[in-house]
Amino acid sequence: MKKFSFLSAIIFLVGVCCCVSCGYLVSNALVLTFQTINSVSIESQTVYAISTFSSDEKNNVEEQKENLQKQNGAGFVFQFDSKYHLVASIYENQNDAEKVKKNLETAGLSAEILKIETPKKEVEGNFSNEEKTVLTNCLKSNFEIFKKLYDISISFDTKIFDETKAKLECNNVFSSHVSTKSNFDTLFKNHPSPALKEVSQNLTNVQEILSNLIAENFDSSGQTFSSLVKQSYCKILLAQ
């Protein structure tokens, strides 16, 4: 009977030790789940811009943009390789840019393709999984908005969308971005790091561009709505 009691005591102590060890491991796992030290980043993207005019002088390019905007081109002035370029549009796919360049040249217009690398973005810090998800969405937002506005402009130019539908879709893009920015502001209002402040400023700048788009604040008297959509995604993706 004493041997049995002694054995029971040993088993009990081993069980207690196992429970304590398991509890410690589970506790550590939960901490790692909700709080991890990491960096949040997105890779650079390659895009292809169609330039219809270039000059060493910015004013020379500015003088040409209204004519392009009347023809549904973005009319976005962009500095690239020490020159100022008049950008008509931007393409994610090089083949699409090549086709447009060929069509422009067939019509007797000059065109040049600019291969542009968007910068890699990275923010280091101590983030929860929720914070990491929201921050990743914020870092990706410029490129995602570019793709959405590009699709709207294509649908509008090819008559899939009428102007009312195109404007409604632009409003949806604006609303989605406001939600993205609100999520960021809620989670990171007490994080004063310079990198997060830069993300916040970018979100504010993009919201302003989209606000001007849906308010139809045209850049010139002859600018079309299709041109304004293109100019907006050029500003969002290539802002300098």
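How many helices and strands does the secondary structure of the chain come to? The answer is eight helices and six strands, taken as DSSP runs numbered from the N terminus (helices are H or I with at least four residues, strands E with at least two). Welcome to a predicted model, where local features need pLDDT of at least 70, side-chain atom pairs count only at pLDDT 80 or more, and totals for chains, interfaces and linings use all residues. Residues are numbered from 1 along each chain as its sequence is written, and side-chain values use heavy atoms, leaving out hydrogens and water.

**The chain as a whole**
- Along the sequence, the pattern reads α-β-β-α-α-β-β-α-β-β-α-α-α-α.

**Helices α5 and α6**
- Helix α5 (residues 129–157) packs with α6 at an angle of about 170 degrees, their axes 10 Å apart; axes are lines fitted to C-alpha atoms over the stretch in contact, and angles run from 0 to 180 degrees between N-to-C directions.
- That angle makes α5 roughly antiparallel to α6 (the term covers angles over 145 degrees).
- Residues making the contact include Ile145 of α5 and His177 of α6, where contact means heavy atoms within 4.5 Å.

**A look at histidine 177**
- Histidine 177 is found in helix α6 (residues 163–188).
- Histidine 177 is buried, its relative accessible area being 2%.
- Setting aside neighbours within four places in sequence, histidine 177 is in contact with Ile145, Leu203, Val206, Gln207 and Leu210.

Terms used. Buried < 20%, exposed > 50% of the residue type's maximum accessible area, 1.4 Å probe, protein only. Parallel < 35°, antiparallel > 145°, perpendicular 65-115°, else oblique.
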